[in-house]
Amino acid sequence: MRFTKRLAYEVDIDEEIRKIRIPKLILQPFVENAVVHGFENVSTPCRLKVTGRMEQGMLVFHVWDTRIGMRQDQIEAIWEEESRDYAKQRIGRYAIKNIRERLQLRYHGQFSLEIRSSIGKGTVVMLKIRMRRRRHAGKIIDCGG
């Protein structure tokens, strides 16, 4: 609501994967981080895109933004293993670590989570989950695990 005049967004999820279940709130924190950290302190128009596809037996999601981007050291800091004192961590870092832990518990290493970014050009988060097809009435309903 706060960014309606300068935020253009697109959600493009292939029909074939719409019924596949993944854990709740896996993509939402990346979208929220893009808006809060990428768009909040700029006045120029911003673009956000979320895609979901099936590629070579992997469920693949991308969350792209076109704003400020991050330096490589900022990306590396996200993945650093720190103490469990989450109260002292930035919300974005906590959420991303939480997502990675939940993915590990659910998919046992059969996933990848990557962040690429360029200052002034934006950031892309890529999540890939290896599919283990479980069917119901001929449709894939679950993956991984």
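Me: What makes up the fold, and how are the elements arranged along the sequence?
Reply: The protein has 3 helices and 7 strands. Read along the sequence, they give the pattern β-α-β-β-α-α-β-β-β-β.

Me: How do you know how far the predicted coordinates can be trusted, and where is the pLDDT below 50?
Reply: The average pLDDT of the protein is 81, and 76% of the residues score at least 70. Over residues 86–91 the pLDDT is below 50, and this stretch has 7 contacts in the model beyond near neighbours in sequence. Where pLDDT is low, the predicted coordinates should not be read in detail.

Me: Why is Thr51 called buried?
Reply: Buried means under 20% relative accessible area. Thr51 has 4% relative accessibility, so Thr51 counts as buried. Its place is in strand β2, residues 46–55. Leaving out residues up to four places away in sequence, Thr51 touches Asp12, Ile13, Val60, Phe61, His62 and Trp64.

Me: Which strands form the open sheet, and in what order?
Reply: The sheet has 5 strands in the order β1-β2-β3-β5-β4, with mixed pairing. Neighbouring strands are turned by 10 degrees against each other on average, direction ignored.

Me: What makes β1 and β4 edge strands?
Reply: β1 (7–13) and β4 (111–118) each have a single partner strand, so one side of each is left without a neighbour in the sheet.

Me: How do you know that β3 and β5 are paired?
Reply: Two strands pair if there are at least two bridges between them. β3 (residues 58–65) and β5 (residues 122–130) have 8 bridges, so they meet that cut-off, and they pair in the antiparallel sense. Met58 has Arg130 in β5 as its bridge partner, and Leu59 stands opposite Ile129 in β5.

Me: What joins β2 to β3, and what lies between them?
Reply: These strands run antiparallel and are joined by 8 bridges. Met54 has Leu59 in β3 as its bridge partner. The hairpin of β2 and β3 has 2 residues between the strands, and Gln56 takes a positive phi near 50 degrees there.

Me: What makes β3 a mostly covered strand?
Reply: In β3, 7 of its 8 residues are buried.

Me: How do β4 and β5 pair?
Reply: β4 and β5 pair in the antiparallel sense over 8 bridges. Phe111 has Ile129 in β5 as its bridge partner. The hairpin of these two strands has 3 residues between them, and Gly120 takes a positive phi near 80 degrees.

Me: Which residues have the most contacts inside the largest nonpolar core?
Reply: The core has 27 residues, and Leu103, Leu113 and Leu127 have the most contacts inside it. At least two residues each come from α1 (28–39), β2, β3, α2 (72–79), α3, β4 and β5. The element that gives the most is α3, with 4 residues. Not counting residues up to four places away in sequence, Leu103 touches Ile26, His108, Phe111, Leu113, Leu127 and Ile129.

Me: Why are Leu25 and His108 called exposed?
Reply: Exposed means over 50% relative accessible area. Leu25 has 56% relative accessibility, so Leu25 counts as exposed. His108 has 53%, so His108 counts as exposed too. Leu25 lies in the loop between β1 and α1, and His108 in the loop between α3 and β4.

Me: What is phi in Leu25 and in His108?
Reply: Most residues other than glycine have a negative phi. Phi of Leu25 is positive, near 55 degrees. Phi of His108 is positive as well, near 50 degrees.

Me: How much of the protein is buried, and what is its accessible surface?
Reply: Buried residues make up 39% of the 145 residues. The accessible surface comes to about 9200 Å², of which 51% belongs to carbon and sulfur atoms.

Technical notes: Residues numbered from 1 in each chain as written. Predicted model: local features only at pLDDT ≥ 70, side-chain atom pairs only at ≥ 80, totals over all residues. Heavy atoms only, no water. Buried < 20%, exposed > 50% of the residue type's maximum accessible area, 1.4 Å probe, protein only. Areas by Shrake-Rupley, 256 points an atom, 1.4 Å probe, with all protein chains shown as cover. Contact = heavy atoms within 4.5 Å. Axes fitted to C-alpha atoms, helices over the stretch in contact; angles between N-to-C directions. pLDDT = per-residue confidence, 0-100. Core = buried A, V, L, I, M, F, W, Y, C linked by side-chain atoms within 4.5 Å.
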